[in-house]
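This report goes through one protein chain, part by part. Please keep the sequence and the structure in view while reading.

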Amino acid sequence: QVSPRQKAVAAICGVNLCSSEEVMSALKQAVADPAVHTILLNIDSPGGTVNGTPELAQAVRAAAREKHVYTFTAGQCCSAAYWIASQTDVIYAAPSAVVGSIGVILPVVDSSALYDRCGLKMEVFAAGKYKSTGLDGTSLTDEQRELLTQQVNATWARFKHAVTRRRPIDEADMEGQSFYGVDARDKKIVDACALSLSEVQDKLITRHAESNHF
């Protein structure tokens, strides 16, 4: 979810933000509109949270069963953004675009040493051995580390499964690394390169006009 404040800050920086809910709503409207035959997602995002990403990716996949759905990126299409883009029929990327980062990260700051230096000690009263996981001023227990690792790996497995249902990407290229557009094309992470959004739009208009979709 994108807050009004985040949108305002982004606007000052010349960036447009939209929430997953807004994208999902727009997708539903496009799918329901008989005048719409083709949907093009213009993505520039380094990624985001897991929350909402599988659901939006599934909505894109559902839309692709009803309409032609494409992606273009001239900037970044990484991590959560790529999870979503991977469910479209074709992904176009500018040669210098950065694409991929098929992985999951969960950073946890251990601030216990800082608390010690400040003469502070965190006393924790928790019901359940995982309830205090990541609590400020504490260190993770081995059991908590194991749980977080399992959760991260489970999400990563879902991510890779969703991607490989649509694209034959090698396991070695799904270790969290990203690629420039040309390399991403060679590794089948994207389908083709294009110089600009307008070039992709012209391609799609020509393609679907020829196939009597317009």
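Y70 stands opposite V90 in β4. The model is predicted, so local features need pLDDT of at least 70 and side-chain atom pairs count only at pLDDT 80 or more, while totals for chains, interfaces and linings use all residues. Residues are numbered from 1 along each chain as its sequence is written, and side-chain values use heavy atoms, with hydrogens and water left out.

**The sheet**

The protein chain has eight helices and seven strands. Helices (H or I, at least four residues) and strands (E, at least two) are DSSP runs, numbered from the N terminus. An open sheet is formed by four strands in the order β1-β2-β4-β7, with parallel pairing. β1 and β7 (192-193) are at the edges with a single partner strand each, so one side of each has no neighbour in the sheet. Two strands pair if DSSP finds at least two bridges between them. The table lists the pairs.

| Strand pair | Bridges | Residues standing opposite |
|---|---|---|
| β1 and β2 | five bridges | T38 and H68 |
| β2 and β4 | four bridges | Y70 and V90 |
| β4 and β7 | two bridges | Y92 and A192 |

How much of β2 is buried? Five of its six residues are, so β2 is largely enclosed by the rest of the structure. Buried means under 20% relative accessible area, exposed means over 50%, and partly exposed lies in between (1.4 Å probe, protein chains only). In a regular strand the side chains alternate between the two faces of the sheet. In strand β4 (residues 90-93), V90 and Y92 point one way, I91 and A93 point the other way, and all are buried. Over the protein chain of 214 residues, buried residues make up 36%.

**Helix α3**

Helix α3 (residues 53-66) has 14 residues, which at 1.5 Å a residue should span 20 Å; its end C-alpha atoms are 20 Å apart, so the two values agree. The expected span is 1.5 Å times one less than the number of residues. Among the buried residues of α3 are T53, P54, L56, R61 and A64. The cover over the buried residues of α3 includes α2 (20-32), β1 (38-42), β2 (68-73), α4 and α6.

Contact means heavy atoms within 4.5 Å. Of the contacts in the protein chain with a separation of 6 or more, 64% are between residues 24 or more positions apart. L106 lies in the loop between β5 (98-100) and α5 (112-117). Is L106 buried or partly exposed? With a relative accessible area of 46%, L106 is partly exposed. Leaving out residues up to four places away in sequence, L106 touches L148 and V152. L106 and L148 are 42 residues apart along the chain, and their C-alpha atoms are separated by 8.0 Å.

**The second largest pocket**

On a 1 Å grid over the protein atoms alone, a pocket is an open set of points with protein on both sides within 12 Å along at least five of seven lines, and lining residues have an atom within 4 Å of a point. A volume is the space filled by probe spheres set on the points. The second largest pocket has a volume of about 200 Å³. Its lining has 14 residues, and G48, S79, G103, V104 and I105 lie nearest the centre of the pocket. α4 (80-85) and α6 (142-164) each supply at least two residues of this lining. The lining residues divide into six nonpolar, eight polar and no charged. Here Ala, Val, Leu, Ile, Met, Phe, Trp, Tyr, Cys and Pro count as nonpolar, Asp, Glu, Lys and Arg as charged, and the others, Gly among them, as polar.

Note on methods
1 Å grid on protein atoms, 1.4 Å probe; cavity = no way out; pocket = protein on both sides within 12 Å on 5 of 7 lines; lining within 4 Å.
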